[in-house]
Amino acid sequence: MLKVQIFKGEVVPFEFKLSAEKFCSEDFLDNGKFVGELEISGETVNNGEETIVRGKINCCKEFNCDRCLALSTINQIHEFEEEIDSAEIVEDLFDIGELVRDILIASQPIQNLCKADCKGLCPVCGQNLNDGECSCQRLSVDPRLAPLMNFKIEEV
């Protein structure tokens, strides 16, 4: 549990450092896992009318690249600012654990790449094209469109 203090009319800072492996379960992400330490810092603000929790999460994610399958790691920083329902505040404490999990899940990219210009694998031999080209003939023509290759344009 990651409980933060909330006092009416005050700004209260918070900071947590915890094991990513313990905080995030094995099936937390479809592709990859968080490793090392999660660093969560921020503040709670209560102006008497509303309560806001804002801060940032520093983490490291380990994953297999979706194009070349290489094991990769990336450092991520996720900033957040959420208004908290007063019914969720118990004895001037609010558990931000669920909020942190939601932010980590929602902030993940759809495609995990080792680098933005990853070339992937050769579909013929499986060579990682980031390590160098192979000698395979990768140009393939859709058989339905193959007759168009015989089409000749005559110049006038």
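Reader: What does S72 touch, leaving out residues up to four places away in sequence?

Author: S72 touches K61, E62, F63 and C114, where contact means heavy atoms within 4.5 Å. This is a predicted model, so local features need pLDDT of at least 70 and side-chain atom pairs pLDDT 80 or more, while totals for chains, interfaces and linings use all residues. Residues are numbered from 1 along each chain as its sequence is written, and side-chain values use heavy atoms, with hydrogens and water left out.

Reader: Why is S72 called buried?

Author: Its relative accessible area is 11%, and buried means under 20%, exposed over 50%, partly exposed in between (1.4 Å probe, protein chains only). So S72 counts as buried.

Reader: And C68 and C114, what makes them buried or partly exposed?

Author: C68 has a relative accessible area of 6%, so that one is buried. C114 comes out at 31%, so it's partly exposed.

Reader: Which element of the protein chain has the highest mean pLDDT?

Author: Strand β5 (residues 71-84), at 95; pLDDT is the predictor's confidence in each residue, from 0 to 100. Strands (E, at least two residues) and helices (H or I, at least four) are DSSP runs, numbered from the N terminus. S72 sits in strand β5. Helix α1 (residues 20-23) has the lowest mean, 85.
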